[in-house]
Amino acid sequence: MTDASLPPTEPVKIGIVTISDRASCGIYEDKGGPAIVAELRRIVASPWMAEARVIPDELDLIAATLVELCDVAGCDLVVTTGGTGPAPRDVTPEATERVCDKMMPGFGELMRSVSLRVVPTAILSRQTAGIRGRSLIINLPGKPSAIHDCLMAVFPAIPYCLDLTGAGRIDTDPAVCVAFRPKS
Ligand SMILES: Nc1ncnc2c1ncn2[C@@H]1O[C@H](COP(=O)(O)OP(=O)(O)OP(=O)(O)O)[C@@H](O)[C@H]1O
Ligand SMILES: Nc1nc2c(c(=O)[nH]1)N[C@H]1C(S)=C(S)[C@@H](COP(=O)(O)O)O[C@H]1N2
(Lines give C-alpha, C1' and ligand atoms only; values in the text may rest on other atoms or scores of the structure.)
(Ligands and ions follow the chains in the order given, each with its own letter.)
Protein backbone atom coordinates (compact mmCIF):
# COMPACT_ATOMS: atom_id res chain seq x y z
CA MET A 1 0.00 0.00 0.00
CA THR A 2 1.48 3.37 -0.96
CA ASP A 3 1.07 6.44 1.23
CA ALA A 4 -1.25 7.92 -1.42
CA SER A 5 -3.68 5.01 -0.94
CA LEU A 6 -3.90 5.44 2.84
CA PRO A 7 -7.07 7.17 4.09
CA PRO A 8 -6.44 10.85 4.89
CA THR A 9 -5.86 11.41 8.61
CA GLU A 10 -8.14 13.80 10.46
CA PRO A 11 -6.21 16.83 11.71
CA VAL A 12 -5.56 16.67 15.41
CA LYS A 13 -7.33 19.46 17.31
CA ILE A 14 -5.31 21.51 19.76
CA GLY A 15 -7.02 23.86 22.20
CA ILE A 16 -5.08 26.99 23.11
CA VAL A 17 -6.37 28.90 26.12
CA THR A 18 -4.95 32.25 27.23
CA ILE A 19 -5.99 32.89 30.82
CA SER A 20 -5.33 36.55 31.57
CA ASP A 21 -7.54 39.26 33.06
CA ARG A 22 -5.78 41.97 31.09
CA ALA A 23 -5.44 40.20 27.72
CA SER A 24 -9.09 39.08 27.86
CA CYS A 25 -10.38 42.64 28.28
CA GLY A 26 -7.97 44.20 25.78
CA ILE A 27 -5.71 46.09 28.23
CA TYR A 28 -2.85 44.36 26.47
CA GLU A 29 -2.61 42.33 23.30
CA ASP A 30 -2.55 38.58 23.88
CA LYS A 31 0.94 37.38 23.05
CA GLY A 32 0.62 33.99 24.78
CA GLY A 33 -1.86 32.31 22.41
CA PRO A 34 0.04 33.36 19.26
CA ALA A 35 3.33 32.22 20.88
CA ILE A 36 1.83 28.76 21.47
CA VAL A 37 0.61 28.59 17.86
CA ALA A 38 4.07 29.60 16.59
CA GLU A 39 5.78 26.98 18.76
CA LEU A 40 3.35 24.23 17.68
CA ARG A 41 3.89 25.16 14.01
CA ARG A 42 7.61 24.51 14.52
CA ILE A 43 7.22 21.26 16.43
CA VAL A 44 4.19 19.45 14.93
CA ALA A 45 4.66 18.00 11.44
CA SER A 46 1.34 16.12 11.13
CA PRO A 47 -1.95 17.92 10.32
CA TRP A 48 -3.47 19.89 13.20
CA MET A 49 -5.87 22.74 13.77
CA ALA A 50 -6.18 25.24 16.60
CA GLU A 51 -9.21 26.13 18.76
CA ALA A 52 -8.17 29.33 20.54
CA ARG A 53 -9.83 31.06 23.50
CA VAL A 54 -8.86 34.13 25.57
CA ILE A 55 -10.57 34.26 28.98
CA PRO A 56 -10.17 35.97 32.39
CA ASP A 57 -8.84 34.27 35.54
CA GLU A 58 -12.24 32.93 36.68
CA LEU A 59 -12.27 29.37 38.05
CA ASP A 60 -15.72 28.35 36.78
CA LEU A 61 -15.10 29.86 33.34
CA ILE A 62 -11.68 28.20 32.99
CA ALA A 63 -13.16 24.83 33.98
CA ALA A 64 -16.10 25.26 31.57
CA THR A 65 -13.76 26.26 28.73
CA LEU A 66 -11.57 23.20 29.31
CA VAL A 67 -14.64 20.93 29.35
CA GLU A 68 -15.99 22.52 26.15
CA LEU A 69 -12.67 22.15 24.35
CA CYS A 70 -12.26 18.50 25.38
CA ASP A 71 -15.86 17.24 25.21
CA VAL A 72 -17.53 19.41 22.55
CA ALA A 73 -14.75 20.68 20.28
CA GLY A 74 -12.97 17.31 20.58
CA CYS A 75 -9.48 18.62 21.28
CA ASP A 76 -6.82 15.93 21.65
CA LEU A 77 -4.49 18.34 23.42
CA VAL A 78 -5.27 21.56 25.30
CA VAL A 79 -2.49 23.99 26.22
CA THR A 80 -3.23 26.82 28.66
CA THR A 81 -1.09 29.86 29.45
CA GLY A 82 -1.37 32.01 32.56
CA GLY A 83 -2.87 31.86 36.01
CA THR A 84 -0.47 29.29 37.48
CA GLY A 85 1.19 31.47 40.14
CA PRO A 86 0.46 32.28 43.80
CA ALA A 87 -1.64 35.45 43.30
CA PRO A 88 -5.24 35.35 44.57
CA ARG A 89 -6.69 35.26 41.03
CA ASP A 90 -4.28 32.53 39.77
CA VAL A 91 -6.55 29.46 39.64
CA THR A 92 -5.67 27.63 36.42
CA PRO A 93 -4.22 24.54 38.20
CA GLU A 94 -7.37 24.30 40.37
CA ALA A 95 -9.59 24.42 37.26
CA THR A 96 -7.40 21.80 35.56
CA GLU A 97 -7.59 19.50 38.57
CA ARG A 98 -11.35 19.99 38.76
CA VAL A 99 -11.96 18.73 35.21
CA CYS A 100 -9.30 16.01 34.90
CA ASP A 101 -9.88 12.29 35.55
CA LYS A 102 -6.22 11.81 36.40
CA MET A 103 -3.31 14.16 37.00
CA MET A 104 0.06 13.90 35.25
CA PRO A 105 2.38 15.64 37.75
CA GLY A 106 5.56 14.82 35.80
CA PHE A 107 4.74 17.54 33.27
CA GLY A 108 4.76 20.31 35.89
CA GLU A 109 7.85 18.91 37.59
CA LEU A 110 9.83 18.86 34.34
CA MET A 111 8.65 22.31 33.18
CA ARG A 112 9.55 23.88 36.53
CA SER A 113 12.94 22.22 36.52
CA VAL A 114 13.76 23.44 32.98
CA SER A 115 12.42 26.94 33.74
CA LEU A 116 14.57 27.14 36.87
CA ARG A 117 17.62 27.30 34.60
CA VAL A 118 16.11 30.49 33.10
CA VAL A 119 14.49 32.24 36.06
CA PRO A 120 14.62 31.62 39.85
CA THR A 121 10.92 32.43 40.16
CA ALA A 122 10.09 29.27 38.15
CA ILE A 123 9.19 27.64 41.49
CA LEU A 124 6.27 30.10 41.80
CA SER A 125 4.41 28.33 38.98
CA ARG A 126 2.01 25.60 40.12
CA GLN A 127 1.59 24.50 36.48
CA THR A 128 0.30 20.96 36.10
CA ALA A 129 -1.22 18.60 33.52
CA GLY A 130 -3.92 15.97 33.42
CA ILE A 131 -6.14 13.73 31.34
CA ARG A 132 -9.82 14.34 30.68
CA GLY A 133 -11.27 11.47 28.65
CA ARG A 134 -8.70 11.08 25.88
CA SER A 135 -7.55 14.72 26.00
CA LEU A 136 -4.32 15.89 27.59
CA ILE A 137 -4.45 19.33 29.28
CA ILE A 138 -1.15 21.11 29.99
CA ASN A 139 -0.65 24.40 31.89
CA LEU A 140 2.09 26.86 30.92
CA PRO A 141 3.00 30.05 32.81
CA GLY A 142 1.65 33.39 31.54
CA LYS A 143 4.98 34.91 30.49
CA PRO A 144 5.04 34.45 26.69
CA SER A 145 8.80 33.67 26.89
CA ALA A 146 8.01 30.61 29.08
CA ILE A 147 6.13 28.94 26.24
CA HIS A 148 9.16 27.84 24.23
CA ASP A 149 11.07 26.61 27.30
CA CYS A 150 8.16 24.60 28.66
CA LEU A 151 6.78 23.12 25.43
CA MET A 152 10.21 22.03 24.18
CA ALA A 153 10.82 20.24 27.50
CA VAL A 154 7.63 18.18 27.58
CA PHE A 155 6.78 17.74 23.89
CA PRO A 156 8.93 14.60 23.36
CA ALA A 157 6.51 12.72 25.66
CA ILE A 158 3.23 14.18 24.34
CA PRO A 159 2.66 12.03 21.19
CA TYR A 160 3.08 8.77 23.14
CA CYS A 161 0.85 10.09 25.94
CA LEU A 162 -1.87 10.77 23.33
CA ASP A 163 -1.34 7.27 21.85
CA LEU A 164 -1.96 5.81 25.32
CA THR A 165 -5.13 7.84 25.98
CA GLY A 166 -6.56 7.00 22.53
CA ALA A 167 -6.34 10.56 21.20
CA GLY A 168 -5.26 11.51 17.68
CA ARG A 169 -1.75 10.84 16.44
CA ILE A 170 0.82 13.63 16.50
CA ASP A 171 4.10 13.41 14.60
CA THR A 172 6.85 15.93 15.28
CA ASP A 173 9.50 17.43 13.04
CA PRO A 174 12.57 15.49 14.26
CA ALA A 175 14.83 18.43 13.37
CA VAL A 176 13.00 20.43 16.07
CA CYS A 177 11.82 17.85 18.61
CA VAL A 178 12.23 14.06 18.66
CA ALA A 179 9.10 12.33 19.96
CA PHE A 180 9.80 9.19 22.00
CA ARG A 181 7.48 6.21 21.41
CA PRO A 182 8.87 3.29 23.42
CA LYS A 183 6.57 0.69 21.85
CA SER A 184 6.69 1.73 18.18
N1 LIG B 1 -1.41 36.66 27.38
C2 LIG B 1 -0.40 37.53 27.58
N3 LIG B 1 0.02 38.32 26.57
C4 LIG B 1 1.04 39.18 26.76
N5 LIG B 1 1.73 39.29 27.90
C6 LIG B 1 1.35 38.53 28.93
C7 LIG B 1 0.27 37.62 28.82
N8 LIG B 1 0.10 37.00 30.00
C9 LIG B 1 1.05 37.50 30.80
N10 LIG B 1 1.79 38.43 30.17
C11 LIG B 1 2.93 39.18 30.71
O12 LIG B 1 3.55 38.40 31.72
C13 LIG B 1 3.43 39.06 32.98
C14 LIG B 1 3.17 38.03 34.07
O15 LIG B 1 2.01 37.30 33.74
P16 LIG B 1 0.86 36.99 34.80
O17 LIG B 1 0.09 35.81 34.29
O18 LIG B 1 1.47 36.84 36.19
O19 LIG B 1 -0.04 38.25 34.72
P20 LIG B 1 -1.06 38.71 35.80
O21 LIG B 1 -0.35 39.67 36.71
O22 LIG B 1 -1.73 37.52 36.43
O23 LIG B 1 -2.10 39.55 34.95
P24 LIG B 1 -3.17 39.13 33.83
O25 LIG B 1 -4.00 37.99 34.34
O26 LIG B 1 -3.98 40.38 33.69
O27 LIG B 1 -2.39 38.79 32.59
C28 LIG B 1 2.33 40.08 32.79
O29 LIG B 1 2.47 41.17 33.66
C30 LIG B 1 2.48 40.47 31.35
O31 LIG B 1 3.53 41.40 31.21
N1 LIG C 1 10.04 29.48 31.84
C2 LIG C 1 9.52 30.39 32.68
N3 LIG C 1 8.80 29.94 33.72
C4 LIG C 1 8.26 30.82 34.58
C5 LIG C 1 8.42 32.21 34.40
C6 LIG C 1 9.18 32.66 33.30
O7 LIG C 1 9.35 33.86 33.05
N8 LIG C 1 9.71 31.70 32.45
N9 LIG C 1 7.85 33.08 35.30
C10 LIG C 1 7.62 32.58 36.66
C11 LIG C 1 6.82 33.49 37.46
S12 LIG C 1 7.54 35.01 37.78
C13 LIG C 1 5.60 33.17 37.96
S14 LIG C 1 4.79 34.21 39.05
C15 LIG C 1 4.99 31.86 37.66
C16 LIG C 1 3.49 31.88 37.46
O17 LIG C 1 3.15 32.66 36.34
P18 LIG C 1 1.63 32.78 35.83
O19 LIG C 1 0.79 33.14 37.01
O20 LIG C 1 1.70 33.84 34.79
O21 LIG C 1 1.21 31.45 35.25
O22 LIG C 1 5.62 31.26 36.54
C23 LIG C 1 7.02 31.18 36.68
N24 LIG C 1 7.53 30.35 35.63
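Angles under 35 degrees count as roughly parallel, over 145 as roughly antiparallel, 65 to 115 as roughly perpendicular, and the rest as oblique. This is a predicted model, in which local features need pLDDT of at least 70 and side-chain atom pairs count only at pLDDT 80 or more, while totals for chains, interfaces and linings use all residues. Residues are numbered from 1 along each chain as its sequence is written, and chains are lettered from A and ligands numbered from 1 in the order in which they are written.

**Exercise 1.** Determine how the axes of helix α5 and helix α6 are placed relative to each other.

*Solution.* Begin with the helices, which are DSSP runs (H or I, at least four residues) numbered from the N terminus: α5 covers residues 105–116 and α6 residues 146–154. Next, take their axes, lines fitted to C-alpha atoms over the stretch in contact, with angles from 0 to 180 degrees between N-to-C directions; these axes come within 9 Å and cross at roughly 130°. The two helices are therefore oblique to each other.

**Exercise 2.** Find which residues of α5 and α6 meet, and describe them by class.

*Solution.* Residues are in contact if their C-beta atoms, placed from the backbone, lie within 7 Å. On the α5 side, Phe107, Leu110, Met111, Val114 and Ser115 take part, and they meet Ala146, Asp149, Cys150, Ala153 and Val154 in α6. By class, this contact has 8 nonpolar, 1 polar and 1 charged residues, where Ala, Val, Leu, Ile, Met, Phe, Trp, Tyr, Cys and Pro count as nonpolar, Asp, Glu, Lys and Arg as charged, and the others, Gly among them, as polar.

How values were computed. Contact = placed C-beta atoms within 7 Å.
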